[in-house]
Amino acid sequence: MRRNATLRNATDGVLAAFALTLVGCGGGGGGDTPAPAPSVTLTAAVSSVTSGTATTLTWSSSNATSCTASGAWSGTRATAGSESTGALTSAATFTLTCNGSGGSGAASVTVGVTTGGPVAVRGVITYARVPYLSGNGLDYANIRQEPARGITVEIVSAATQAVLATTTTDATGAYSASVAASTNIFVRSKAEMVRAAPTPLPHWRVRVGDPDAALLMYAWDGPVFGSGTGTVHDVAIPSGWDLSRVPTGTRASAPFAILDSIWRAMQPVLGVAPDTDFPALDVDWSTANPGGDTFYSGGSQPKIVLCGEANVDTDEFDPSTIIHEFGHYIEDKFSRSDSIGGAHGFDDLLDPRVAFGEGFGYAFAAVALDDPVMRDAFGNQQGQTARFSVDTSTAQRRGWFNESSAQELLWDFFDPAGETNDNIALGFGPLWAVLTAEQRTTAAFTTLFSFVTKLKERTPGMEPAIDARVAAEQITAAGMDIYGTNETHVPPSTAQVSDVLPVYTPIAIGGGPVTLRTTDAFDPGANGNALSVSRFLRFAVPATQSVRITAAATLPGRDVDIYVVRNGVIVAQGTTPADEDFTATLPAGDYVIDVHDCGLADCGNAVTGTSDITVTIAPN
Ligand SMILES: [Ca+2]
Ligand SMILES: [Ca+2]
Ligand SMILES: [Ca+2]
Ligand SMILES: [Ca+2]
Ligand SMILES: [Zn+2]
């Protein structure tokens, strides 16, 4: 800002307007009475304005015939008058020079600009949700705005793009921030939810972005508006869709719809564990994410990947799909999942680790949404809806190897009593307790057996009711242990019981060979995660010991692989392209082995059918 030296001295730095009269230095010389020099008076109505507003300049002169404006204004002026400064955003000095026969005189005035005291800008941020039709597909005729809860909000200067304030929307989507008055700003809604120290627990950090593009995280910039003396300013983030059922603009609300589903997914956990510290989670969504490719990946940077491909499969408006994946994150980070993943369906005969993990994902989605009906929109113009109920599944092939059995058992443990065989209403607390304690540390693989066994121990009065409900799923409930030792049920089409049972075959160190049978009879899709593609062994190590483990398939051309697991951690493995023979030093404890027949089509070896596999564990 410009100020002249006189003003600076006079006001010691305070912005002010001054009327200043200067006597011109013309004239002199002749012996006649000289014409008097012009004098000029220039004043501002106020010495300082709030940014973006104006004040009035008034001037007069004597002994002048014309005046010229300079500085913050320009052009000729009458010898007296008044006019507006126009809106000012920074201090401005106005000078007026007037001429007459006696010479010239000038005056200046500076009008200061203040940003005013901080004022409140507040409002509600909503995102557009495309709901489901009651029949098939999404309902583009009834797109509605819903509150964007818990998201990061920045108030940004329109002039400088500087972030003036950062805040978070509350559970109603409302934000409030304190910014300078009379400033042109806009609201930037960021596709993240963060609650972090020094705010006390709970903590979380979830963001939605497209790691494939330079844009890490999505954000929506609303229109520019003035903060004035404080104002209410709502933001409505649009969907980018209309009745044409094809995208007509930026699909801006999608990341916020995804975040809102995750907001809902956190609530059951916070209900039973209010001080939860959720590990940071990224969600990868973009309009270029191909349909049919929805998954969770764990590790140190857990990530949910969601589809965005219009006319094939969009997932942003599928809460149960999103929360199913969040369920995998919950199981991975707060419990334990030994699931090997892979494609799966509600009537599949699955590896029991996969069946439990997928069943948990759906049951958790139902708990979070308080709705047992799972929906997934897909297809041309998002015109179809895959739909099923975790409460009343129509899956035919029930059992310990079926995700539908797992999800309906978990849901029925949670939901009110009253169905046939469902006299249980535990709520989420006992389920969470088992998941985060016994299931997290079980010596067995994470299956229905490990979960139900410990749930019964935690809710002793409920044991008869749990047994009745479990038995109705064609699972042996009475006397169940974490290994399913008493299990007698096999799928209807099983050629031989030994293709499937026992769930875990005991093996002893130095106890001679043990033979198991693997088969792809239950794996028509060659997914490698079906029942009996892997078979399980279990053994105990009384004291730290070095052992030699061998595994050989009876039939030629097979590729058996061995994973030795202690409390969910692979501690030794043999994964050569042939039979296995390796040594390992094992601390004392209970162990399980995943004997995986990689000779089946899932490993790319076109060897199918059934094979006996012989395993030995000998002292080394
Ligand atoms: Ca979908
Ligand atoms: Ca039910
Ligand atoms: Ca129930
Ligand atoms: Ca091998
Ligand atoms: Zn899943």
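User: Let me start with a strand pair. Which residue in β15 stands opposite V194?

Analyst: V194 stands opposite R205 in β15. Please keep in mind that this is a predicted model.

User: To which strand do 4 bridges join β15 in the parallel sense?

Analyst: That partner is β20, residues 281-285. You can find the pairing on screen through G209, which stands opposite D284 in β20.

User: What is the peptide bond from A197 to P198, cis or trans?

Analyst: Here is the general idea: most peptide bonds are trans, and most residues other than glycine have a negative phi. The bond from A197 to P198 is cis, and its omega is near 10°. P198 sits in the loop between β14 and β15. A cis bond also joins L201 and P202, with omega about 5°, and P202 too is found in the loop between β14 and β15.

User: What about phi? Where is N311, and what is its phi?

Analyst: N311 is in the loop between β23 (308-309) and β24 (313-314). Its phi is near 70°, which is positive although the residue is not glycine. N567 takes a positive phi as well, near 50°, in the hairpin of β31 and β32, where 2 residues lie between the strands.

User: What is the order of the strands in the open sheet with β31 and β32?

Analyst: The order is β27-β29-β34-β31-β32, an open sheet of 5 strands with mixed pairing. β27 (504-506) and β32 are the edge strands, each pairing on one side only. On average, neighbouring strands of the sheet are turned by 30° against each other, with direction ignored.

User: Now helices. How are two packed helices described?

Analyst: By the angle between their axes and the distance between the axes. Take helix α4, residues 352-369, and helix α5, residues 403-414: their axes come within 7 Å and cross at roughly 40°. The crossing is right-handed.

User: Which residues of α4 and α5 make the contact?

Analyst: From α4 come A355, F356, E358, G359, F360, Y362, A363, A366 and V367, and from α5 come E403, A406, Q407, L410, W411 and F414. Sorted by class, the contact of α4 with α5 has 11 nonpolar, 2 polar and 2 charged residues.

User: To zoom out, how many helices and strands has the protein?

Analyst: The protein has 9 helices and 35 strands. Its radius of gyration is 37 Å, well over the 25 Å that the globule rule gives for 620 residues, so the protein is more spread out than a compact globule.

User: And what box do the C-alpha atoms fill?

Analyst: Taken along the principal axes, the box is roughly 135 × 55 × 50 Å.

Methods. Residues numbered from 1 in each chain as written. Chains lettered and ligands numbered in written order. Predicted model: local features only at pLDDT ≥ 70, side-chain atom pairs only at ≥ 80, totals over all residues. Axes fitted to C-alpha atoms, helices over the stretch in contact; angles between N-to-C directions. Left-handed = near helix turned anticlockwise from the far one by under 90°. Contact = placed C-beta atoms within 7 Å. Nonpolar A, V, L, I, M, F, W, Y, C, P; charged D, E, K, R; others polar. Pairing = 2+ DSSP bridges. Rg over C-alpha atoms; globule rule 2.2 N^0.38 Å.
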